[in-house]
Amino acid sequence: MSAVIVEHITKTFNKGKIKALDNVSFSVQEGELFGLIGPDGAGKTSLFRILTTLWLADSGKAEVKGLDVVQDYKAIRKRIGYMPGKFSLYQDLTVEENLSFFATLFNTTIRENYDLVKDIYVQLEPFKDRKAGKLSGGMKQKLALCCALIHKPDVLFLDEPTTGVDPVSRKEFWEMLRRLQSRITIIVSTPYMDEATLCDRIALMQDGRIMQLDTPEGIVRSFNDTLLSIRGNDMFGLIGAIRALPEISGCYAFGESLHVRFPADAWTETGLRSALEQFSGLVIEPITPGIEDCFMALIEPHAAH
Amino acid sequence: MQHTEQVIQAVNLTKRFGEFTAVDHINFTVHQGEVFGFLGANGAGKTTAMKMLIGISTPTEGSATVAGFDIATQSESVKQRIGYMSQKFSLYEDIPVMENIRFFGGIYGLRSKELKTKAAALLETLEMGSHAKTLVRDLPLGWKQKLAFSLAIIHEPKIVFLDEPTGGVDPITRRKFWELIYAAAARGITVFVTTHYMDEAEYCNRISIMVDGRIAAMDTPANLKTQFQSTSIDAIFTQLARGAQRSGD
Amino acid sequence: MRQYGVFIRKEFKHIFRDKRSLIILFALPIAQILIFGFALTNEIKNTHIAVIDMAHDAASQSLTDRLEASRYFELTGDIHSVADADAALLADKIKMAIVIPADFNNSLMHGHASQVQLITDATDPNTATTLQLYASAIIRDFQSDINDQFKLPYSLHTEVRMMYNPQLKGAYLFVPGVMGMILLLISAMMTSIAIVREKEINTMEIILASPLRPIVLILSKAVPYIVISMVNVTTILLIGVFILGLPVAGNIFLLIGVCLLFILTAIALGLMISNIIDSQQTAMFISLMGLMLPTLILSGFMFPIENMPVPMQVLSNIVPTKWFFIIVKDVMIKGLGFASIWREVLILAGMTAFFLFVSYRKFKIRLA
């Protein structure tokens with residue numbers, strides 16, 4: 001059974017001038033950890049607001065747990081947990097006060113549902129009398145997650161929970177999500193491509209559309225181009241030189257090396273090496289693409305330079 | 001890298017808020033034309049340190065010079081020689097591109113003739129000539145960021161401070177943005193940048209990693225990897241930040 | 001029921017943990033009532049005037065003594081000519097000059113007529129008129145005393161009785177007025193800010209996406225401000241009675257009852273504002289400009305409504321404070337009962353119902 005079904009959802013602003021969502025369809029299975037991956041402005045937040053019954057779509061249909069997001073909004077609100085993108089806790093209330101408020105909001109108590117949040121809450125417990133405004137970014141995210149979970153929702157919506165959070169806190173946050181995943185359906189959005197591999201399935205979004213939807217492995221498998229990692233002593237010069245070559249579909253820095261993409265068999269390793277012979281310290285290796293490579297290939301399919 | 005002029009020099013730079021030491025005796029230098037990555041977990045003290053360096057917060061102890069001026073006693077001179085761009089505030093959303101250029105040029109004291117040529121050149125390089133009258137709010141995020149960066153260096157500052165400049169943009173725009181950073185560094189503008197993308201740390205000439213208000217590691221990315229016997233900056237960062245005491249802050 | 005308790009407690013926490021709210025809620029009302037009660041009265045007390053006595057005879061001396069003896073005036077001694085008086089008026093040293101002509105006694109006694117000239121600084125017309133009235137009254141007294149000596153066959157006496165406020169105390173007017181203003185501001189402004197704040201810090205997004213019934217949210221926001229406003233009513237009445245010397249002529253329970261009604265009107269107004277507005281700043285601005293100014297100008301406590309142009313008089317009817325002001329004056333000062341204020345009470349109740357109805361209709365079950 002599908003926990004969430006989205007069919008041809010479109011949402012526009014400014015009298016149709018801005019298309020936030022453009023005919024989006026997908027479904028999320030029961031117990032799945034589903035990722036919406038894309039930069040700001042891709043339409044992730046709009047989608048969340050429609051699914052959490054906060055916005056009405058211009059056209060299309062959506063269901064959460066078999067309930068219609070327009071007609072059955074009251075029933076849906078009882079069964080979902082939502083963590084909005086912008087930080088949404090009471091800064092002047094303590095950790096414990098925040099959690100107990102959100103428990104009351106859903107007519108439950110901390111004690112009643114403690115087992116679901118226990119893993120996360122034990123990390124917060126030493127600071128339970130501290131005001132939420134005085135917590136670090138990572139701790140705030142954990143508290144917000146606790147608050148969204150405290151009523152044992154069937155479906156959890158997390159809108160960019162890790163944005164602006166440092167890499168270590170991000171890792172911890174994802175570990176928590178993985179642990180929860182067996183018990184609850186989770187839809188999470190993120191602009192960080194490296195987090196995509198931690199989801200069961202992902203939708204790559206850009207400009208209000210889903211460009212591709214599959215498991216992370218499936219998305220990598222469908223990458224048809226050849227991808228090489230190239231390193232040299234003059235990286236900045238190397239970028240320009242490679243982009244000037246014919247049939248190069250993309251050349252961008254990836255950490256300490258460049259990822260160079262071209263249609264399969266357009267170049268051989270030796271061919272490239274001789275084309276770039278003026279550069280010293282050249283290291284060329286074939287590599288398996290990551291989600292980020294796939295995303296870039298999708299948003300820039302034909303860009304030669 | 002030719003180590004010429006020292007553009008930033010921090011000596012025992014410290015900031016306390018009551019009992020809490022946000023920045024704890026940090027020492028470092030940044031050279032002209034360098035791209036210096038300033039990393040750290042949330043709450044490690046990055047923002048506090050950056051605020052002192054751009055002259056909007058006074059150190060409790062220690063000192064620092066930026067572009068040759070003392071950040072505590074000559075903060076006005078410091079401010080004239082730096083550019084600053086943050087993810088949160090950089091442009092006026094509800095006025096057109098050209099007005100933003102005029103405004104920021106005016107703030108940095110460009111004369112109207114100079115400003116005119118600069119503005120034209122800027123629109124040309126950014127390929128935004130046809131968007132001079134577009135409201136900033138209606139630009140794609142990537143364009144906004146490029147515009148904000150170009151405005152932060154419109155007065156050719158000695159150094160530009162970038163606070164998480166690439167948060168939330170798509171992977172291609174993010175990389176194009178770094179190419180702009182490199183172009184600026186090649187012109188001799190020193191770049192001081194914070195980021196949560198660890199692959200971006202690799203693009204820096206040198207990086208420092210702050211933990212609990214102190215600098216726990218500082219070197220070129222390659223040297224750090226040798227030193228920590230690790231293959232990625234991400235792993236080094238994780239190792240250092242996990243050892244932090246201030247988990248709650 | 002448990003939800004209400006938790007939510008109301010949460011609201012109180014927000015209030016008590018914010019120093020600014022505390023000052024606005026508790027210190028500001030006391031400060032305002034004291035400032036209005038003491039400093040900003042339109043009573044005339046010890047105003048500096050000059051008597052230019054050109055006669056220097058028994059009658060002029062007697063009149064001067066009377067003026068001097070009045071607690072309204074303080075005589076400035078060193079002004080002896082009209083030119084001096086002009087300069088002193090310009091320099092703001094005196095507010096009025098009284099010129100007694102030469103040969104005053106003689107013309108009074110034998111010519112049976114004389115003229116005393118009153119020169120006032122009319123840049124402030126209210127003060128000038130009041131000063132003139134007081135001086136004329138003293139001069140009339142003086143005249144009637146003289147007339148008594150000579151027993152005129154026919155004479156008309158005017159006897160003045162200042163009802164309900166025999167000492168003409170400004171506080172009688174200001175306390176009800178300021179009370180209306182404070183209650184309106186606190187209840188309407190703070191309630192609207194409290195709700196708009198949830199929108200601004202985005203918690204509204206979570207609350208809306210929860211099964212909470214809007215009525216719970218609204219009631220739990222209103223209750224703390226009802227309580228705090230009642231505390232303020234008590235404080236203001238205590239200050240009014242024990243420090244400013246006001247009477248509570250009518251039934252105290254009726255008075256408290258109408259205060260509660262007015263608080264409900266104001267809170268309903270605040271709810272309506274918060275349903276239309278999305279930022280705290282706008283809520284504050286609307287409350288201040290949209291509520292405080294009309295209250296000051298059109299409620300009748302600063303400027304008499306009867307003297308206003310007709311459109312303004314009509315407009316004043318939609319200002320809730322106007323009705324509250326009338327009720328409080330009637331009950332507190334005049335000692336009237338419910339029978340004489342039921343019309344005003346009905347108007348306020350109607351306004352409350354209207355505001356609540358609009359709030360209810362405007363309450364958004366989704367984000368804008």
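Predicted model: local features only at pLDDT ≥ 70, side-chain atom pairs only at ≥ 80, totals over all residues.
How many salt bridges are counted between chain A and chain B? The count is eight. Domain 1 and domain 2 of chain A bury about 950 Å² between them.

**Interface of chain A and chain B**

- The contact brings together 36 residues of chain A and 32 residues of chain B.
- A:D166, A:V168 and A:F236 account for 18% of what chain A buries against chain B, more than any other three residues.
- Among the eight salt bridges is the pair A:E256 and B:K225, whose closest N and O atoms are 2.8 Å apart.
- Polar contacts between chain A and chain B number 13 residue pairs, with both residues at pLDDT 80 or more.
- On chain A, the elements that each provide at least two residues to the side touching chain B are α5 (137-149), α6 (167-181), α8 (235-244), β12 (250-254) and α10 (291-299).
- The largest share of that side of chain A, six residues, belongs to α6(A).
- By residue class, the side of chain A that touches chain B comprises 18 nonpolar, six polar and 12 charged residues.

- A:E300 counts as buried because its relative accessibility is 12%, and the cut-off for buried is under 20%.
- Beyond its neighbours within four places in sequence, A:E300 is in contact with A:S249, A:Y252 and A:R261 of chain A, and with B:I172 and B:K176 of chain B.
- With one of these residues, A:Y252, A:E300 makes a polar contact from side chain to side chain at 2.9 Å.

**Interface of chain C and chain A**

- Chain C contributes 25 residues to the contact, and chain A contributes 32 residues.
- C:R17, C:I206 and C:R366 supply 24% of the area that chain C buries against chain A, more than any other three residues.
- Four salt bridges are found across the interface of chain C and chain A.
- C:E205 forms a salt bridge with A:R49, and the closest N and O atoms of this pair are 2.9 Å apart.
- There are 17 residue pairs in polar contact across the interface of chain C and chain A, both residues being at pLDDT 80 or more.
- On chain C, α1 (2-16), α7 (171-200) and α8 (203-208) each give at least two residues to the side that touches chain A.
- Seven residues of that side come from α1(C), which is the largest share.
- The side of chain C that touches chain A divides into 12 nonpolar, five polar and eight charged residues.

**Domains of chain A**

- The domain assignment divides chain A into domain 1 (2-220) and domain 2 (223-299).
- The centres of domain 1 and domain 2 of chain A, taken over C-alpha atoms, are 36 Å apart.
- The contact between these domains involves 15 residues of domain 1 and nine residues of domain 2.
- Of the area buried between domain 1 and domain 2 of chain A, 82% is on carbon and sulfur atoms.
- A:M193, A:M211 and A:V220 make up 59% of the area that domain 1 of chain A buries against domain 2, more than any other three residues.
- The count of salt bridges between domain 1 and domain 2 of chain A is zero.
- One residue pair is in polar contact across the interface of these two domains, with both residues at pLDDT 80 or more.
- In chain A, β9 (201-206), β10 (209-214) and α7 (216-221) each supply at least two residues of the side of domain 1 that touches domain 2.
- Four residues, the largest share of that side of domain 1, come from β9(A).
- The side of domain 1 of chain A that touches domain 2 contains 11 nonpolar, four polar and no charged residues.

**B:H31 in chain B**

- B:H31 is part of strand β2 (residues 20-31) of chain B.
- B:H31 counts as buried because its relative accessibility is 9%, where buried means under 20%.
- B:H31 and B:F149 are 118 residues apart along the chain, and their C-alpha atoms are separated by 20 Å.

Key. Residues numbered from 1 in each chain as written. Chains lettered and ligands numbered in written order. Heavy atoms only, no water. Contact = heavy atoms within 4.5 Å. Buried area = accessible area lost by both parts, 1.4 Å probe. Salt bridge = Lys/Arg side-chain N within 4 Å of Asp/Glu carboxyl O. Polar contact = N/O pair within 3.5 Å; in protein donor to acceptor, adjacent residues only side chain to side chain. Nonpolar A, V, L, I, M, F, W, Y, C, P; charged D, E, K, R; others polar. Domains from an automatic or database assignment. Buried < 20%, exposed > 50% of the residue type's maximum accessible area, 1.4 Å probe, protein only.
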